[in-house]
Amino acid sequence: MNFLFFIQGIGTSGSQSIIGNWATDISSWHTVAWGLLAIGAVAMVLFVLFPMPEVQEHKTEGKVSPKEIMSCPAFLSFVLIIGLYFIAEHGIMNWLVSYATKCTGSDPMGTGGKLYRCFFFGCVMVGRLVLSSLVDKLGIYRCLRLFATSAAVLYTAGVLLGAPGLWLLAVSGLLFSILYPTLVMLIPRYWPSHAASSASGLVLSVASLADILFNAVFGSLVDAIGYRTSFLIMPACMVGCTALLWLFFAKLKAGTVRLTDRYGHANQCPQVFKRA
């Protein structure tokens, strides 16, 4: 999973650098938009020409309703954890250039902000390739706690330090790198196989609403309380994400939340927790 997201990171990091430096006027952005449309069309054709092989699963019950998926105790926890994570990570992508330009006073042209943003996603890309093996060696739960806590510390320090901390924000991409793919890989463990895909889609869809709503109100927050104060919300979200992650795993270990195996049979959480 982390390797697949590493491939995605090549496009994310590359586009941040190339488009950010090349697209300087509306005509350039029109060219970029047409180029992205062409790339999307090629990807769609490839999906048609090279369909993914279907995995044979044990026959179970039919489709489950969204209400049944949301009734799982893990649903709300995943939505809050991933929603806060989205705000923290996407805040770098969407707002770091403006933050470096308007708040730190050290980058009047915004070029440094583009560099920091590109470096952040470059670190994410490299981290997913280099650090992904730790997930198998240390276990999912231990890695998520370790990397989320470290990312929250570095992210918070980078914002509190202002201009000198911009490099800390950029380097924190290494610690962010494996969090999202590993969380996505973890979601299906809490629903039976016939509901796992639907559960993953619903969790990520609802969690993404947090990011959408945040971006909708962030501009008004900047006008009301200033850019520097508003930007503090993002590391606060990462700290909140980490705290909820620790709390969720504590409930899992205590047996409050149950895992299921691929056929929908409930497993005893403490034993599963130790193995993972």
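The model described here is a predicted one.

**Helix H4 with helix H11**

- On the H4 side, the contact is made by Phe75, Phe78, Val79, Ile82, Gly83, Phe86, Ile87, His90, Asn94 and Trp95.
- On the H11 side, these residues meet Leu202, Val203, Leu204, Val206, Ala207, Ser208, Ala210, Asp211, Phe214, Asn215 and Phe218.
- By class, the residues of this contact between H4 and H11 comprise 15 nonpolar, five polar and one charged.

**Helix H4 with helix H13**

- The axes of H4 and H13 come within 9 Å and cross at roughly 155°.
- Helices H4 and H13 are therefore roughly antiparallel to each other, since that description applies to angles over 145 degrees.
- The crossing of H4 and H13 is left-handed.
- H4 contributes Ala74, Ser77, Phe78, Leu80, Ile81, Leu84, Tyr85, Ile87, Ala88, Gly91 and Trp95 to the contact.
- H13 contributes Met234, Cys237, Met238, Gly240, Cys241, Leu244, Leu245 and Phe248 to the contact.
- The residues of the contact of H4 with H13 include 16 nonpolar and three polar ones, with no charged residue.

**Helix H7 with helix H13**

- Helix H7 (residues 140-160) packs against helix H13 (residues 233-254) at an angle of about 160°, and the two axes are 9 Å apart.
- That angle makes H7 roughly antiparallel to H13.
- H7 passes H13 in a left-handed crossing.
- From H7, the contact involves Tyr141, Leu144, Arg145, Ala148, Thr149, Ala151, Ala152, Tyr155, Thr156 and Val159.
- From H13, the contact involves Met234, Pro235, Met238, Val239, Thr242, Leu245, Trp246, Phe249 and Leu252.
- The contact of H7 with H13 has 15 nonpolar, three polar and one charged residue.

**Selected residues**

- His90 is located in helix H4 and is one of the H4 residues that meet H11.
- His90 counts as buried because its relative accessibility is 18%, and buried means under 20%.
- Between the C-alpha atoms of His90 and Met234 the distance is 9.2 Å, although 144 residues separate them in sequence.
- Leu247 belongs to helix H13, and a relative accessible area of 44% makes Leu247 partly exposed.
- Leu247 and Ser77 are 170 residues apart along the chain, while their C-alpha atoms are separated by 9.2 Å.
- Cys123 is placed in helix H5, which covers residues 111-130.
- With a relative accessible area of 9%, Cys123 is buried.
- Leaving aside residues up to four places away in sequence, Cys123 touches Ala170, Val171, Gly173, Leu174 and Ser177.
- For Cys123 and Ser177, the sequence separation is 54 residues and the C-alpha to C-alpha distance is 7.3 Å.

**The chain as a whole**

- The chain has 276 residues, of which 42% count as buried.
- Among the contacts in the chain with a separation of 6 or more, 77% are between residues 24 or more positions apart.
- The accessible surface of the chain comes to about 14,500 Å², and carbon and sulfur atoms account for 69% of that surface.

How values were computed
Residues are numbered from 1 along each chain as its sequence is written. This is a predicted model: local features need pLDDT of at least 70, side-chain atom pairs count only at pLDDT 80 or more; totals for chains, interfaces and linings use all residues. Side-chain values use heavy atoms; hydrogens and water are left out. Axes are lines fitted to C-alpha atoms, for helices over the stretch in contact, and angles run from 0 to 180 degrees between N-to-C directions. Helices (H or I, at least four residues) and strands (E, at least two) are DSSP runs, numbered from the N terminus. Angles under 35 degrees count as roughly parallel, over 145 as roughly antiparallel, 65 to 115 as roughly perpendicular and the rest as oblique. A crossing is left-handed if the near helix is turned anticlockwise from the far one by less than a right angle, and right-handed if clockwise. Contact means heavy atoms within 4.5 Å. Ala, Val, Leu, Ile, Met, Phe, Trp, Tyr, Cys and Pro count as nonpolar, Asp, Glu, Lys and Arg as charged, and the others, Gly among them, as polar. Buried means under 20% relative accessible area, exposed over 50%, partly exposed in between (1.4 Å probe, protein chains only). Accessible areas come from the Shrake-Rupley method with a 1.4 Å probe; for residues, only the protein chains shown count as cover.
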